[in-house]
Amino acid sequence: MSKRAKSGELGGFGRYAGPATLILSSLADGPKHGYALTKDIEGFAGVRLAPGTLYEALVRLDGQGLVQALESDDRRRPYQLTEAGAAALRSHLSAQRRVADVGLRRLAGSWGTA
Amino acid sequence: MSDPSPIALRRAERLLRWYPREWRARYGDEFVELLAADIAERPERWSRTVDVAGGSVMAHLAGIGLSGGTVDGSDRSRRSLATFECAVVVFMAFALSMWSQLDIARRSSDPTTSDTRRAIIVMTLALAVCVAATVIATVPVAWTAALKSVRRPELGLRRPVGLFLFATTVLLAGAVMFRHGWAGGAHPWSHASTGPGGAAGVLWASTVAVSAYWVHPSMLFKFPISEIAWMIVSPLAVVAATSGAARTLRRVDLPTELVPFVSVASRTAVAGFGLFVVGTLMWLVDGSPGPGETFQAGTVDVIGLAVMCVTLAVAAQAVSRTSLHRSLTAP
């Protein structure tokens with residue numbers, strides 16, 4: 001991972017870590033523009049990111065070099081995940097999975113399975 | 001996704017105006033497309049307006065280096081530093097105005113309470129810290145800017161440096177000229193000595209616009225026209241000098257060896273600001289008017305304290321952003 005990506009890990013995004021994770025996860029299977037991102041995220045996460053929040057997170061990701069704008073003929077500019085963005089997302093999701101695994105294991109031990 | 005209606009586009013374009021110009025130039029078109037599509041799908045959503053308002057505030061804060069998410073990430077620290085400089089000027093304007101008047105009052109009569117005496121000592125120490133930190137930071141930065149303005153004309157530094165020098169000269173010359181003015185002689189301390197070197201008088205004259213006389217026009221218009229003119233010219237000179245300095249800081253890449261000096265000096269200045277606020281609170285809480293009411297705190301002092309608290313918060317945030325990025329030097 002590049003030095004720039006290390007400084008841009010999602011932990012430093014504060015309250016934008018959630019939207020940033022959703023955006024990076026959405027871009028993981030290919031470039032998308034703002035509206036396509038909104039619909040995709042709504043589809044897999046059940047969350048509709050409002051335009052202001054989406055772009056606030058997108059600008060931060062762009063500034064950190066975790067996503068990259070692509071050229072476009074119309075006004076809808078698509079974004080794609082960069083190598084640094086993919087590494088940051090992988091690291092963040094792995095950490096989240098460890099937390100989820102521990103939580104689920106403890107729940108199963110103390111409360112049984114649902 | 002169908003093409004949004006002209007009405008939705010117009011509403012989206014209106015919302016876009018809340019964002020800074022630089023942000024609009026980079027993201028405006030695509031953001032309007034998204035907003036218009038959202039408006040077409042969900043026409044009546046007050047939460048969208050609130051969300052866009054919040055996003056635009058964050059974009060403005062990012063533009064002055066108080067938050068992440070700038071359009072151009074390469075100069076984030078320089079933006080933070082320029083904002084820090086503006087916060088320092090505003091803080092110092094109120095702090096110097098307050099301190100100089102208390103110091104002059106102290107020279108004509110002692111405060112009756114030890115709390116006020118202690119408050120003045122704390123404020124004096126705090127200002128000494130702030131001034132020392134500011135000088136440590138300013139001298140090498142000013143030298144760098146002066147050298148670059150001569151050696152690298154493509155940076156366009158000559159105009160902002162020239163504006164800063166001109167405005168500072170006007171401010172100093174006027175402050176020296178009016179240092180014994182004491183607001184047209186109508187002030188109760190108009191004949192008081194300004195002390196060795198007249199430093200307190202010069203500081204008072206340079207911050208004379210921080211005054212309650214603005215809301216008492218009948219008293220204000222009794223002053224000589226030259227002093228009223230100075231009360232208008234001096235804040236303009238401060239604004240011009242601050243603008244020149246901020247524009248310079250936005251364009252100058254500092255040498256690597258200067259970064260620790262600037263960082264330490266900025267943090268020290270913020271600590272001094274905090275100490276000065278404590279001293280001001282001690283004075284206001286004591287509330288003793290002293291002989292001839294020369295130590296009486298007024299509404300302008302309470303407003304001054306509020307402004308200083310806000311600028312202290314801005315300065316602290318700007319310093320933390322500057323330290324966070326550590327990219328004051330050229331990328």
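In which crossing, left-handed or right-handed, does α4(B) pass α7(B)? The close-ups below get to that. This is a predicted model, where local features need pLDDT of at least 70 and side-chain atom pairs count only at pLDDT 80 or more, while totals for chains, interfaces and linings use all residues. Residues are numbered from 1 along each chain as its sequence is written, and chains are lettered from A and ligands numbered from 1 in the order in which they are written.

**View 1. Helix α4 of chain B passes helix α7 of chain B in a left-handed crossing.** Left-handed means that the near helix is turned anticlockwise from the far one by less than a right angle; clockwise would be right-handed. Helices here are DSSP runs (H or I, at least four residues) and strands are E runs of at least two, numbered from the N terminus. The axes of α4(B) and α7(B) (residues 199-206) come within 8 Å and cross at roughly 140°. Axes are lines fitted to C-alpha atoms, for helices over the stretch in contact, with angles running from 0 to 180 degrees between N-to-C directions. The two helices are therefore oblique to each other. (Under 35 degrees counts as roughly parallel, over 145 as roughly antiparallel, 65 to 115 as roughly perpendicular, and the rest as oblique.) On the α7(B) side, look for B:A200, B:L203 and B:W204; among their partners in α4(B) are B:L96 and B:I104.

**View 2. Helix α4 of chain B also meets helix α9 of chain B.** Here α4(B) (residues 76-108) and α9(B) (residues 225-251) have axes that come within 8 Å and cross at roughly 160°, so this pair is roughly antiparallel. Their crossing is right-handed. Contact residues (C-beta atoms, placed from the backbone, within 7 Å) include B:L81 and B:V89 from α4(B), plus B:V238 and B:L249 from α9(B).

**View 3. Chain A touches chain B.** Chain A puts 15 residues into the contact and chain B puts in 21. On chain A's side, α3 (34-45) and α4 (51-63) each supply at least two residues, and α4(A) gives the most, with 8.

**View 4. Helix α1 of chain A has the lowest mean pLDDT among the elements of its chain.** pLDDT is the predictor's confidence in each residue, from 0 to 100. Helix α1(A) (residues 3-7) averages 43, while strand β2(A) (residues 79-81) has the highest mean, 94. Over residues 1-8 of chain A the pLDDT is below 50. For chain A as a whole, the mean is 85.

Conventions. Two residues are in contact if their C-beta atoms, placed from the backbone, lie within 7 Å.
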